[in-house]
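Have the sequence and the 3D view open as you read.

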Amino acid sequence: MRLTVLLALLVSCKRVATVPDTDSDADTDSDADTDSDADTDSDADTDSDADTDTDADADTDSGPFDTATPCGLTVASGLRIVPVDPAPVGAADGWRVVGWTPVDLDGVGWAFVSATTGFEVHTAAGGTATQVALPQAVYVRALGGGDGVLEVEQPGCGPPAPVALRARRFTGLAGVEAAGGAPVRFVGLVPTGSPVVAALDPARHPDRVGQTADLYVVVSRDRDAWLLDRTLVDVRGAPDVRTVVAGDLASNTWPLAVPAAGSGQPGRYDLVWDADRDGVLGPGDLVDGLDGPGLFVMPDPSAPGPYGVVSADYTGASIYLDQRVSWPDALATLGSAPLVVITHGTGHDHTMYDDLAEHLASWGHIVLRHAANADAGVVSVTSDLLGNLDAFLADPGARHPDLAGRVDGSRVMLVGHSRGGEAVVRAYGELVAGTAGVTAFDAGDIAVISSIAPTAYLGPVPGSPGAVPYHQLAGSADGDVTGGLFSIGALTACPQCQWYRLFQRAEGTIAVTYLQGAAHNDVLCDGCGPDDGAAFTPRLTRDEVRAVARRVYLALAETWLHDDPVWREVLARSPEDLALPTGLPAGVQFRPAGAWVLDDFQTSPDPATSSGGTPVTATVDTLAEGAQDDANTDFAWDGTDVANGSTWSDADPDPARGATFGWSGDSVWSVAIPQGARDLSARDAVSVRIGQVTRHPATLALAGPLSFGVALVDGAGTAVELPSTAYAAVPSPYARLDPLTGLSGWANEMVTVRIALEDFESTDATFDRSDVAAVELRFGPGHGSAAGFVMLDDVQVE
């Protein structure tokens, strides 16, 4: 063994000796110094400094900074609110630190930085920060809701400096001041001419207190456009100069001048808080609008759009293939346009819908109206709809040469009236089932469906809207398809008149626009169709109803045909909330796809347990759950029918269910949120669907809109209550005369009271949105109407 080692050493020495030395120094290698390595210093590594590590500085560690510099780290204490950025971030997208929370690190030398799970720390260049030179600012990004800690440490200089972090959705900067409710409503859409404010809550942004910034209103850009050009150009000529002062939100709310929307031309703006006042969107700035306009100034949606309208009639091979088409006169410039199809009902024809059709065409849509054999029933209308649309999409140029190659058949909205309103739902069901017998389109091409005062002859099962967005427009003075339990003409039970039944199986977004005083034929042209609501008062005029229809159908088309989701607010928010003319729609209902239902009363008949299995606490009177199916046809209150006035079901399988209750003093209905699902940081709003029960003594005594409070309670017990009246009126049911009984009153009229979660935070900055324990509905004189009796459904978080 010793011999082997000795031979190895001899061989090793012999190999070194054979290397020729070509320089003039005293060692055996080829460089100019006296040691055996390849550099010019006297240590054993390959760099040019005097230590033994491989970095380029003069200390003895392997980090990039010199530890020999003195300690001196200072970090301002206090909670940092970190906006949750919903978009993913890549290493090349460093500019996206915009809106992230800056933390200034003062001192000399360098420091380690780290954050707890759920947060990331970045440098101004966008890269992940672990070791940073001092002084500089780092930027904290939140990956989700919750609390955390940023730790900053100088080795050898004492314990880490902790900075408390709390992740929250950024409320935005643009809003409106509300009479009641939150002090500022951070909304995305305002009608032109409405007063607008900008606001920054010092409780949510304590690091901004004392900061003076330039507040810009700029033309809206998406993320990719901002990446290409971050220059700030204010549409008003110059930005506002604003300073955040200590105090509350009201102390940091400023009037904001924005240009009015032009005729048919919305204003789309982003707001930028330019913290360093350099005229460029950069790190530490705040931006309201990366994911759609921060502020959308809506022109009058019932007024004509920016285009002229061209129309043409087409005579088909049979009377039921006759068509009328309208389109924008700039279609060639637009390249192509999405398609709206209108299907009529019994006693109507396709030429009676010019008002709505030409309105949508003026905003950039192609609108097809077609003939149908409505007298033969819903099945026949369904067949005529599918056949007309299939023939049209197969050869649009046959209807008019201007349409050749210009119809986008992948974006189609189906609109039906009366039996046509049921047919559009049935047609979609056949497309999904593969039994429609068409070749030019399929179910994937249908973007949205709407029914105007539809029949329900076939019930809810064969006519399910499925997952496609579904909307209904109807009125309380309808004397044909009443929406109630009996037909006016026959004075008999009329389940086919209960149009609410159609959307009980809807799986996607649901919206309802219900008009107090609108009759069945009010959407038609002047003089078209009989005035079926002549016996009822008060009444809306046909012009008023058509104006609402123009507004609503434009919002539907823009939202789902032009992929412009900001228009959805016209469907989701009440007219009072939008500051639109009041007294027209009595109620708006809305449930977005993906809403998390806390209680819809469909399961768990025990009133003490929600449909989600969580506890329900209630101190209200006579709480009961059951099918929303009135037991008789007169709506008279006798105390035995808790579903009085409910017309959502008619012995249907798996009927719509709800809860009824009343109160005569301060009372509460509360549903708990599961422990593992309390973080609502990524959610938008909480909503409840509610209506007064018709002809109940408390309803008759109130004789007007009902009010109550909606409260969220966090895990620490902080409760924030907002009044329902600031968001939607819960109307008294329409008091139309019932010719069968001689009693006044009509069916329950449900509305959705929808409150943005930011409004609770804006009202009380100590409220913890990441830990919401319960949703409470508070009734009684301390919260609204002193007494009342209601039907409740769909308590949900969007």
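Predicted model: local features only at pLDDT ≥ 70, side-chain atom pairs only at ≥ 80, totals over all residues.

**The disulfides**

The count of disulfides comes to 3. Numbering the bonded cysteines along the chain, they follow the pattern 1-2, 3-4, 5-6. Here they are side by side:

| Pair | S to S | S-S torsion | Hand |
|---|---|---|---|
| Cysteine 71 and cysteine 157 | 1.7 Å | about -75° | left-handed |
| Cysteine 494 and cysteine 497 | 2.0 Å | about 60° | right-handed |
| Cysteine 525 and cysteine 528 | 1.6 Å | about -55° | left-handed |

Take the pair of cysteine 71 and cysteine 157. Cysteine 71 is partly exposed, at 46% relative accessibility, and so is cysteine 157, at 31%.

Now for the other two pairs. In the remaining pair, cysteine 525 is partly exposed at 23%, whereas cysteine 528 is buried at 12%.

**Strand β22 and its neighbours**

How many residues of strand β22 are buried? The count is 7 of its 7 residues, over the stretch 337–343. Strand β22 pairs with β24 (residues 407–417) through 7 bridges, and the two run parallel. Proline 338, for instance, has aspartate 408 as its bridge partner in β24. Strand β22 also runs parallel to β23 (residues 366–370), with 5 bridges joining them. There, leucine 339 is partnered with isoleucine 366. To get from β22 to β23, the chain passes through helix α4 (residues 354–362), making a right-handed β-α-β crossover.

**Aspartate 652**

Finally, look at the loop between β31 (621–627) and β32 (657–663), where aspartate 652 is found. Is aspartate 652 buried or exposed? Its relative accessible area is 9%, so aspartate 652 is buried. What does aspartate 652 touch, leaving aside residues up to four places away in sequence? Its contacts are Pro460 and Arg501. With arginine 501, the side chain of aspartate 652 makes a side-chain-to-side-chain polar contact of 2.7 Å.

Conventions
Residues numbered from 1 in each chain as written. Heavy atoms only, no water. Helix = DSSP H or I, 4+ residues; strand = E, 2+ residues; numbered from the N terminus. Buried < 20%, exposed > 50% of the residue type's maximum accessible area, 1.4 Å probe, protein only. Polar contact = N/O pair within 3.5 Å; in protein donor to acceptor, adjacent residues only side chain to side chain. Contact = heavy atoms within 4.5 Å. Pairing = 2+ DSSP bridges. Right-handed = clockwise from strand over helix to strand, strands pointing away. Disulfide = S-S within 2.5 Å.
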